[in-house]
Amino acid sequence: MTTFESIAPTLERQAIELPSWAFGNSGTRFKVFGTPGTPRTAEEKIADAARVHEYTGLAPSVALHIPWDEVDDFGALRSYAEGLGVALGTVNSNTFQDDAYKFGSLAHSDAAVRRKAIDHHLRCLDIMRETGSRDLKIWLADGTNYPGQDSLRQRQDHLAESLAEIYAGLDPEQRLVLEYKFFEPAFYHTDVPDWGTSYAQVSALGDQALTCLDTGHHAPGTNIEFIVMQLLRLGKLGSFDFNSRFYADDDLIVGAADPFQLFRILFEVVDGGGLDVGSPVQFMLDQCHNVEDKIPGQIRSVLNVQEMTARALLVDRPALDAARASHDVLGANAVLMDAFYTDVRPALADWRESRGLPRDPMAAYLASGTPERLAAERVGGKQLSWT
Ligand code: LRH
Ligand code: MN
Ligand code: MN
């Protein structure tokens, strides 16, 4: 049996980066509903992220999206964040909202558009020098809607050339992570649709380039934990964008749609050394809160990851290894299921209390008066939306 005490040091190291955009209003193409207390500035988004960390001890950094989080002085934003006890983390480039990118960005057929997109990424690297960020995360909306619209092969070559120029701009401690997504906004083909394409592209670049796995970016039924295992095995799993999906790229709360899938993913993370000291894997959320409150939504999310990590760590390894060695199929499966069905919440509450954190971060936040205060204070100005 694996004890809670034996897994606590690993849990203590766990850090989950929050996306600044989770704190803005979001919605579908049908409607974006406003929520009282929604941030009006990049600083207010960071302050909300810091609140999630204050109550959970789990979220010491915030990812930025450029230009959504454009400010005049990124050094000052960094000092502001650090004053609240959080760091600025991954910088996400954005080449999907400018008219120039209608037919793509880094993979575009026109060299002038590729130049503009490459320059945006080089600017992101400069911003990272000011914010103290390690990772540049690239997700591309590039693709086509109709067969024949453009050359699949040529676009892949253009992408490789563009990425090589961005990679050449990295400082030694900086990394590039390339996120894949199988569809949307392009519907016929996407230029980085799957882990294999991301892996092929980042492998050609070098050691500082890795793959980002967004859990919502796979076709239904995909065995995501297999991909996690393979990327860890190849040393190329750079980061996770956690969220959950029912139908498409729903960006719902991680662990909400399919808790068992999150468990299976985290079991492979543990097995592949993804939680070891010095692991290259950065854990992030990439979510939107369309109808639920945002700070509670993020608190729920990081707790879901923590609870499922604890269960994955509780898997009885010697028992599993023995069952596997003797081809005890049901026995091996039972070892995994025992850990999955373990209610870790009481042990986590005790452990949190012992570290000076609230036993129940959600209840503590809701009872703190902060939601009401933010709703009263944040009037005037324009509430931010996630884009
Ligand atoms: C694309 C994506 C990518 C973007 C984010 C807002 O669907 O997952 O990570 O940066 O959404
Ligand atoms: Mn993502
Ligand atoms: Mn997405």
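Biologist: Does Lys45 count as buried or exposed, and how many C-beta neighbours does Lys45 have inside 10 Å?

Modeller: In this predicted model, Lys45 counts as buried because it has 26 C-beta neighbours inside 10 Å. The cut-off for a buried residue is 20 or more.

Biologist: Where is Lys45 found, and which residues does Lys45 touch?

Modeller: Lys45 is part of helix H2. Leaving aside residues up to four places away in sequence, Lys45 touches Ser20, Phe23, Gly24, Pro39 and Leu384. Phe23 and Lys45 are separated by 22 residues in sequence, while their C-alpha atoms are 5.8 Å apart.

Biologist: Let us turn to ligand 1. Which residues are around it?

Modeller: Around ligand 1 are Asn92, Trp139, Glu179, Lys181, Asp214, Asp241, Asp249 and Asp286.

Biologist: How many residues of that shell are nonpolar, polar or charged?

Modeller: The shell around ligand 1 has six charged residues, one polar and one nonpolar.

Biologist: What about helix H3: which of its residues are buried?

Modeller: Phe74, Leu77 and Ala81 are buried in helix H3, which runs over residues 74-83. Viewed down the axis of H3, the buried residues fall within an arc of 50°, so they line one face of the helix. Ala76, Ser79 and Gly83 are exposed on the other side of H3.

Biologist: And what covers the buried residues of H3?

Modeller: The cover includes helix H2 (42-56) and helix H4 (111-131), together with strand S2 (61-65) and strand S3 (87-92).

Biologist: Which peptide bond at Pro67 is cis?

Modeller: The bond from Ile66 to Pro67 is cis, and its omega is near 20°. Pro67 sits in the loop between S2 and H3. Another cis peptide bond runs from Glu184 to Pro185, with omega near 10°. Pro185 belongs to the loop between strand S6 (175-179) and strand S7 (189-190).

Biologist: What is the phi of Glu184, and is Glu184 buried or exposed?

Modeller: Glu184 has a phi near 80°, which is positive in a residue other than glycine. Glu184 counts as exposed because it has 12 C-beta neighbours inside 10 Å.

Biologist: What is the phi of His327, and where does His327 lie?

Modeller: The phi of His327 is near 55°, again a positive value in a residue other than glycine. His327 lies in the loop between helix H10 (317-325) and helix H11 (329-340). His327 is exposed, with 8 other C-beta atoms within 10 Å.

Biologist: Now helix H9. How many of its residues are buried?

Modeller: H9 is mostly covered, with 19 of its 20 residues buried. Helix H9 spans residues 294-313 and reaches 29 Å from its first C-alpha to its last, close to the 28 Å expected at 1.5 Å a residue.

Biologist: Finally, the whole chain. How many helices and strands does the chain have?

Modeller: The chain contains 14 helices and 10 strands. Its radius of gyration is 21 Å, close to the 21 Å that the globule rule gives for 387 residues, so the chain is as compact as a globular protein of that length. Along its principal axes, the C-alpha trace spans about 60 × 60 × 40 Å.

Biologist: What share of the chain do buried residues make up?

Modeller: Buried residues account for 44% of the 387 residues in the chain. Of the contacts between residues at least 6 apart in sequence, 78% join residues at least 24 apart.

Notes
Residues are numbered from 1 along each chain as its sequence is written. Chains are lettered from A and ligands numbered from 1 in the order in which they are written. This is a predicted model: local features need pLDDT of at least 70, side-chain atom pairs count only at pLDDT 80 or more; totals for chains, interfaces and linings use all residues. A residue is near a molecule or strand if its C-beta atom, placed from the backbone, lies within 6 Å of it. Ala, Val, Leu, Ile, Met, Phe, Trp, Tyr, Cys and Pro count as nonpolar, Asp, Glu, Lys and Arg as charged, and the others, Gly among them, as polar. Helices (H or I, at least four residues) and strands (E, at least two) are DSSP runs, numbered from the N terminus. The expected span of a helix is 1.5 Å times one less than its number of residues. The arc is that of the directions from the helix axis to the C-beta atoms. Two residues are in contact if their C-beta atoms, placed from the backbone, lie within 7 Å. The radius of gyration is taken over C-alpha atoms; the globule rule is 2.2 Å times the number of residues to the power 0.38.
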